Amino acid sequence: MFVTLKYGDRLPTVALVQSLLVAHRFDVQVDGHFGHDTREAVRAFHQRAHVTPVQDVVIPRTWEALSATSPPRALRVVEQIDGSDAIGMLMCMPRVR
C-alpha cells in the first residue's frame with residue numbers, strides 16, 4: 001500500500017520520501033515536513049524519472065520510481081513529529097530480483 005503525500009503534511013512517511021530524494025541527489029532536509037523544498041524536489045524527480053503526470057504530490061508511481069533504483073543501506077527517518085523530531089535510522093535490505 002502506498003501513501004499519498006502532499007504539501008503541508010508532517011509525517012514520518014514524508015521523512016522516508018525525503019531520504020529517498022536525498023539518495024537521488026536532491027537537496028532536501030529530512031525533517032518529516034513536506035515543505036517548499038520537498039515539493040520542488042518531488043516535481044523535479046517526476047520530470048527526471050518520467051513519472052506522469054508531473055506534479056508536486058507523492059503518488060504510488062512516485063514510490064515505485066523512487067524504489068526502482070538501489071536504495072542506500074540506511075535512510076534517515078523521523079520517528080515522530082512533535083517539535084523534538086527524533087531522527088532514527090532505517091536499515092534497508094538489498095533488493096532481491
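This is a predicted model: local features need pLDDT of at least 70, side-chain atom pairs count only at pLDDT 80 or more; totals for chains, interfaces and linings use all residues.
To start with the overall layout, the protein chain holds 3 helices and 2 strands. Read from the N terminus, these elements come in the order α-α-α-β-β. The chain has 97 residues, and 34% of them count as buried. As for how the chain folds back on itself, 43% of the contacts with a separation of 6 or more are between residues 24 or more positions apart.

Next comes the inside of the model. In soluble globular proteins, nonpolar side chains tend to be buried together. Here, the largest nonpolar core has 16 residues, and the members that touch the most others are Leu 5, Val 17, Leu 21 and Val 58. Helix 1, helix 2 and helix 3 are the elements that give two or more residues to this core. Helix 1 supplies the largest share, with 4 residues. Setting aside neighbours within four places in sequence, Leu 21 is in contact with Phe 26, Val 28, Thr 38, Ala 41, Val 42, Phe 45 and Leu 66.

Helix 3 covers residues 60–67, and its buried residues are Thr 62, Trp 63, Ala 65 and Leu 66. Viewed down the helix axis, these buried residues fall within an arc of 165°, so they line one face of helix 3. An α-helix has 3.6 residues a turn, so residues three or four places apart point the same way. As for what that face of helix 3 meets, its buried residues pack against helix 1 (12–23) and helix 2 (36–49).

A search of the whole structure gives 1 aromatic pair. That pair is Phe 26 with Phe 45, in an edge-to-face arrangement, with 6.3 Å centre to centre and 75° between the planes. The pair ties together distant parts of the chain, as Phe 26 sits in the loop between helix 1 and helix 2, while Phe 45 belongs to helix 2, 19 residues apart. Buried means under 20% relative accessible area. Phe 26 therefore counts as buried, at 12% relative accessibility, and so does Phe 45, at 3%.

The loop between helix 1 and helix 2 also holds His 24. With a relative accessibility of 15%, His 24 counts as buried too. Its contacts, again leaving aside neighbours within four places in sequence, are Phe 45, Arg 48, Leu 66 and Thr 69.

Side chains of opposite charge can pair when their charged atoms come close. A search of the whole structure finds 1 salt bridge, and in it the side chains of Asp 9 and Lys 6 meet at 3.4 Å, N to O. Asp 9 is buried, at a relative accessible area of 14%, whereas Lys 6 is partly exposed, at 48%. A charge also sits above an aromatic ring: Arg 39 lies over the face of Tyr 7, 4.1 Å from the ring centre.

How values were computed: Residues are numbered from 1 along each chain as its sequence is written. Side-chain values use heavy atoms; hydrogens and water are left out. Buried means under 20% relative accessible area, exposed over 50%, partly exposed in between (1.4 Å probe, protein chains only). The arc is that of the directions from the helix axis to the C-beta atoms. Contact means heavy atoms within 4.5 Å. Rings of Phe, Tyr and Trp (its six-membered ring) pair if their centres lie within 6.5 Å; planes under 30 degrees apart count as stacked, over 60 as edge-to-face and the rest as tilted. A charge sits over a ring if NZ of Lys or CZ of Arg is within 6 Å of the ring centre and within 35 degrees of the ring normal. A salt bridge is a side-chain nitrogen of Lys or Arg within 4 Å of a carboxyl oxygen of Asp or Glu. A nonpolar core is a set of buried Ala, Val, Leu, Ile, Met, Phe, Trp, Tyr and Cys residues joined through side-chain atoms within 4.5 Å.
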